[in-house]
Amino acid sequence: GIYSGFVFALSCVVAAAMLKDLGLERHSAEFVWFAIGGWIAFALVLFLGPMFVFAAPLYEARERGLIEYGRLTSQHHLAFHKKWIGAARSGENLMGSPDPSSATDLNAALQAVREIRLAPIDALAVLQTVIAAGIPMLAVVATQMPLGDLFVWLVGAVL
């Protein structure tokens, strides 16, 4: 996302500090992996967490929209059914009528309301943040496993 460059730069600083610490004293592999995971989780919370301030207003808007558009759609569909199915009509009368189009438009509007998320975050934003925070950590991972094994692991993870 918009913060990926900053996340990457900050992660480079964190990775450099971790590498310096690893040069001074030996830590277990579990500790290093935990620190890397902790940093990535912290970056997610730090950069994407503030988006959850919109959760309550978005939830309220979604619920209000579901009620209002749901009621409108239901009334429209009942009227459509009464007009086109309840009455004896032929399919020829339906040709050129705007009624089916308005039903489709209402269904699309209701679907858009259903798809409102609690935070303006999608999987792509999470992935970009994880990648930006994780790439500098590869230097730290390289201290824990041979570069050849790291390369095979990365190729396997990507493919």
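**Close-up views of a predicted model**

**View 1. Helix H6 and its packing partners.** The buried residues of H6 (buried: under 20% relative accessible area, 1.4 Å probe, protein chains only) pack against H1, H2 and H7. Helices are DSSP runs of H or I, at least four residues, numbered from the N terminus. Buried in H6 are Ala125, Thr129, Ala132, Ala133 and Gly134. The helix has 12 residues and reaches 16 Å from first C-alpha to last, close to the 16 Å expected; the expected span is 1.5 Å times one less than the number of residues. The model is predicted: local features need pLDDT of at least 70, side-chain atom pairs count only at pLDDT 80 or more, and totals for chains, interfaces and linings use all residues. Residues are numbered from 1 along each chain as its sequence is written, and side-chain values use heavy atoms, with hydrogens and water left out.

**View 2. Surroundings of Ala133.** Contact means heavy atoms within 4.5 Å. Beyond its neighbours within four places in sequence, Ala133 touches Val7, Ser11, Trp39, Ile40 and Ala43.

**View 3. The Glu63–Arg62 salt bridge.** A salt bridge puts a side-chain nitrogen of Lys or Arg within 4 Å of a carboxyl oxygen of Asp or Glu. The count is one. Glu63 and Arg62 meet at 3.3 Å, N to O.

How values were computed: Helix = DSSP H or I, 4+ residues; strand = E, 2+ residues; numbered from the N terminus. Buried < 20%, exposed > 50% of the residue type's maximum accessible area, 1.4 Å probe, protein only.
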